[in-house]
Amino acid sequence: MNRSYEKNTNRGLMMDDDTALYRPDAWYRPARGPRYEQLYRHLSAAIAAGDLPPESQLPTERDLALIADVSRVTVRKAVSQLVEDGVLEQRRGAGTFVKPARPKMEHSLSALLSFTEYMRQRGKTSTSRILRRGLFLPSPDEMMALGLPPGDRVARVERLRFADDTPLALEWSSLPSDVLPDPEAVETSLYDVLRATGRAPTRAVQRITAVNLTAPDAKLLNLAEGAAVLRIDRTAYLPSGRPIEFTRGLYRSDIYDFIAELRLDAP
Ligand code: 16G
């Protein structure tokens, strides 16, 4: 298959600029996974970046297959995944359109909440896919952040976190092993497990930076490699001042918004 869209349509309606986004050189790289997945990720990133703005119409399945130089089945798989994600909608008799922009979820920076609680507040159900959990020898960073004595083990829980089936965050959490002796107990909410044993944090300090996603993290978050996300490092403390959690998280910045409320101190 190496057909040119212009040559194969006698309509000639689409200008080069309109099709550039869909052409294979814009999204396809050999050995980077199945074509439908690469096309899906490319379109998802284009929608998130505003290159395909809300209400814009996609070419028909047949046209898109010709421009992207793939089969209609490939197009259908990529498009139906985007419909499932809630970023595209198929309007009967009219075509496929980018949905109006989703409102960002706002997080207050001053309330110490868990991911599960943030999502519940927004009427969403949170789930986690556990990537890894267990007791390990701590890294020097973990020893420093958690004030661990030499020889102690650290509990690690690594999770991909979803809100209503959309992957929103990747989180790597480390805790002293006496605070979380059984990391296997964490199914969805880490803070629920800590609360059940009276060890939930009451204060936290966060550092927020913008980073670009590596290929494996991008794949998990359904974003394009290099997409900008928020990285938040949280160190959380017990009322005694003891640090008991160090979590590094990557959060989708297209749907996640952090709000800081600032007040002028009373004179
Ligand atoms: C939030 C925290 C994270 C904490 C997690 C616990 C931020 C930036 N990070 O995602 O540090 O580990 O909540 O949530 O808010 P869970 O109880 O639902 O597991």
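In which strand does serine 128 lie? Serine 128 belongs to strand S4, residues 126-136; strands (E, at least two residues) and helices (H or I, at least four residues) are DSSP runs numbered from the N terminus.

The structure is a predicted model, in which local features need pLDDT of at least 70 and side-chain atom pairs count only at pLDDT 80 or more, whereas totals for chains, interfaces and linings use all residues. Residues are numbered from 1 along each chain as its sequence is written, and side-chain values use heavy atoms, with hydrogens and water left out.

**Serine 128**

With a relative accessibility of 19%, serine 128 counts as buried, a class defined as under 20% relative accessible area, against over 50% for exposed and in between for partly exposed (1.4 Å probe, protein chains only). Its side chain makes a polar contact with the side chain of arginine 161 at 3.3 Å. A polar contact is a pair of N or O atoms within 3.5 Å; within protein, one must be able to donate a hydrogen and the other to accept it, and residues adjacent in sequence count only if both atoms are side-chain atoms. The side chain of serine 128 also reaches the backbone oxygen of threonine 188 at 3.4 Å.

**The ligand site**

The ligand is surrounded by 17 residues, the closest being Thr116, Glu171, Ser189, Leu190 and Glu245; a residue is near a molecule if one of its heavy atoms lies within 4 Å of it. At least two shell residues come from each of helix H7 (115-121), strand S5 (154-163), helix H9 (190-196), strand S8 (228-237) and strand S9 (243-252).

| Residue | Ligand atom | Distance |
|---|---|---|
| Arginine 234 | oxygen | 2.9 Å |
| Threonine 247 | oxygen | 3.5 Å |
| Tyrosine 251 | nitrogen | 3.3 Å |

The protein covers 100% of the 450 Å² of accessible area that the ligand has on its own, with areas from the Shrake-Rupley method and a 1.4 Å probe.

**Positive phi angles**

Glutamate 55, although not a glycine, has a positive phi of about 75°. Glutamate 55 is located in the loop between helix H4 (35-49) and helix H5 (61-68) and is partly exposed, at a relative accessible area of 43%. Aspartate 165, likewise not a glycine, has a positive phi of about 75°. Aspartate 165 occupies the loop between S5 and strand S6 (166-176), and its relative accessibility of 67% makes it count as exposed.
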